[in-house]
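This report describes selected local features of one protein chain. Please view the sequence and structure together before reading on.

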Amino acid sequence: MQVAFNRLSSVARVLSQNTITRNMSAVSVPPVHVSKPKPFVLYTAGTPNGRKVSVFLEELKAIYGEKVDYDVEKIDIGHNIQKEPWFIKLNPNGRIPVLVDHAREDFAVFETAAILLYLEQHYDPERKLGFDPVSQPDDYSEMLQWMFWAHGGVGPMQGQANHFNKFAPVDIPYAKDRYTLETKRLYGVMEIRLADRDYLAGPGRGVYSAADINVFPWIRAHQFTGIESLNEWPSLQTWLGRIEARKAVQDGLAIP
């Protein structure tokens with residue numbers, strides 16, 4: 001009797017499993033879509049330096065599409081996230097932005113001018129935002145000159161003006177005047193260059209390039225620095241408006 005009961009139980013289990021299997025096969029299971037990682041990750045914040053890179057990437061996206069698409073990781077610099085050990089591994093200097101290139105073994109690039117030149121070298125084969133160092137050596141040199149000038153001048157001087165005008169715990173009039181006046185002097189240098197040109201580097205009236213993108217976000221932030229108007233530098237003011245009107249620039253300024 002027990003043997004017969006066991007056999008019946010076994011048959012019932014098999015029938016039950018077959019029924020479950022048939023029912024499951026009849027259910028339409030939606031496919032699982034795993035999003036493909038974008039080529040880059042940009043670690044950034046809403047500062048002039050951060051926006052140099054997002055603007056450049058948006059310009060490249062407008063030309064080359066998804067080949068230069070990117071994910072954004074917003075870094076809260078107010079809480080010193082950029083000083084945490086994981087970030088220091090990407091940039092020992094502990095500053096934003098940092099670009100990580102998945103297509104090149106997660107190669108990390110820091111310093112804004114270096115990031116722009118890296119992208120120009122590897123991801124702008126048509127040289128839409130730069131110049132060929134072999135076939136256009138003089139134009140390429142001009143671009144580098146203006147990039148290095150801005151990287152060593154406008155950014156640091158205007159950054160110090162911002163610090164002493166907005167954030168210093170002690171009011172130091174000499175420091176405020178020193179860095180604000182130096183920022184204005186540097187604006188004057190650009191005014192000289194742009195007096196008969198549309199852009200900083202390139203033949204004729206110039207060609208929109210990394211040289212312009214590298215300094216544009218700092219000039220755009222002039223009011224934050226305490227320089228209310230660019231009327232003193234009309235050519236610079238026109239240059240700023242010309243670049244700001246570009247759709248890719250507006251898209252880049254909205255990041256992060």
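Leaving aside its neighbours within four places in sequence, with which residues is Q158 in contact? Q158 touches G153, T183, Y187, W218, A221, H222 and T225, where contact means heavy atoms within 4.5 Å.

The model is predicted: local features need pLDDT of at least 70 and side-chain atom pairs count only at pLDDT 80 or more, while totals for chains, interfaces and linings use all residues. Residues are numbered from 1 along each chain as its sequence is written, and side-chain values use heavy atoms, with hydrogens and water left out.

Helices (H or I, at least four residues) are DSSP runs numbered from the N terminus. Buried means under 20% relative accessible area, exposed over 50%, and partly exposed in between (1.4 Å probe, protein chains only).

| Residue | Helix | Relative accessibility |
|---|---|---|
| Q158 | α6 | 0% |
| D139 | α5 | 16% |
| A210 | α8 | 0% |

Not counting residues up to four places away in sequence, A210 touches F56, L116, L129, M143 and M147. A210 and L200 are ten residues apart in sequence, and their C-alpha atoms are 9.5 Å apart. With neighbours within four places in sequence again left aside, D139 is in contact with F131, A201, G202 and P203.

**Helix α5**

Helix α5 covers residues 137–152, 16 residues in total, and reaches 22 Å from its first C-alpha to its last. This is close to the expected 22 Å, which is 1.5 Å times one less than the number of residues. Its buried residues are D139, M143, L144, W146, M147 and A150. Seen down the helix axis, these residues fall within an arc of 170°, so they line one face of α5; the arc is that of the directions from the axis to the C-beta atoms. They pack against α4 (112–123), α6, α7 and α8 (210–213). The face turned away from the buried side carries the exposed residues D138 and G152.

**A nonpolar surface patch**

V170, I172 and Y174 form a nonpolar patch on the surface, with about 320 Å² of accessible area together. I172 lies in the loop between α6 (154–167) and α7 (173–194) and is partly exposed, with a relative accessible area of 34%. Such patches are made of residues with over 30% relative accessible area and no salt bridge, nonpolar side chains (Val, Leu, Ile, Met, Phe, Trp, Tyr) being joined within 5 Å and like charges within 9 Å. A salt bridge is a side-chain nitrogen of Lys or Arg within 4 Å of a carboxyl oxygen of Asp or Glu. Accessible areas come from the Shrake-Rupley method with a 1.4 Å probe, and for residues only the protein chains shown count as cover.

Terms used
Helices (H or I, at least four residues) and strands (E, at least two) are DSSP runs, numbered from the N terminus.
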